[in-house]
Amino acid sequence: MPKEIILPAGTPAPLAPYVPATKADHIVYVSGILPLDAHNNVVHVGDAAAQTRHVLETIQGIVSHAGGTLKDITFNHIFLRDWSDYAAINAVYAEFFPDERPARYCVQVGLVKPEALIEIASVAHVAP
């Protein structure tokens with residue numbers, strides 16, 4: 001099965017051996033996105049809402065580059081550092097997914113960058 005690497009301009013270089021996203025059979029698999037700038041520095045340190053917004057805007061750009069929109073996202077994997085940020089994360093998340101919300105799960109974990117409060121990976125089904 002052929003696959004296409006999705007690498008929008010300005011996307012931070014991956015921290016490990018992976019790509020920001022791959023597309024196969026009109027499905028876009030977005031890697032875990034952290035709140036990083038173009039130089040892999042964590043942005044909005046200490047602000048879960050701002051970090052969530054940054055992550056979702058990055059995902060939106062990746063999915064758009066692959067030919068889709070946020071409405072094409074069918075599943076989100078949400079990783080948060082602390083449950084105390086859950087309400088702030090959900091408030092921003094609801095802005096990006098006001099209707100036809102995707103399935104998701106949310107778990108508390110340690111993240112690769114200690115200043116990061118959230119990481120989201122997504123699956124989108126884009127039209128041919």
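## Strand pairing

Two strands count as paired if DSSP finds at least two bridges between them. In this predicted model, strand E2 (residues 21-24) and strand E3 (residues 27-33) run antiparallel and are joined by four bridges. Within this pairing, alanine 24 stands opposite isoleucine 27 in E3.

## The sheet

E2 and E3 belong to an open sheet of six strands with mixed pairing, in the order E1-E2-E3-E6-E4-E5. The edges are held by strand E1 (4-6) and strand E5 (103-108); each has a single partner strand, so one side of each is left without a neighbour in the sheet. On average, and with direction ignored, neighbouring strands of this sheet are turned by 15° against each other.

## The largest pocket

The largest pocket holds about 280 Å³ of space. Its lining consists of 21 residues, of which Thr11, Pro12, Ile33, Thr58 and Ile62 are the closest to the pocket centre. E3 and H1 are the elements that give two or more residues to this lining, and H1 provides the largest share, with four residues.

By residue class, the lining of the largest pocket comprises 13 nonpolar residues, seven polar residues and one charged residue.

Key. Residues numbered from 1 in each chain as written. Predicted model: local features only at pLDDT ≥ 70, side-chain atom pairs only at ≥ 80, totals over all residues. Heavy atoms only, no water. Axes fitted to C-alpha atoms, helices over the stretch in contact; angles between N-to-C directions. 1 Å grid on protein atoms, 1.4 Å probe; cavity = no way out; pocket = protein on both sides within 12 Å on 5 of 7 lines; lining within 4 Å. Points joined across faces, edges and corners; volume = space filled by probe spheres on them. Nonpolar A, V, L, I, M, F, W, Y, C, P; charged D, E, K, R; others polar.
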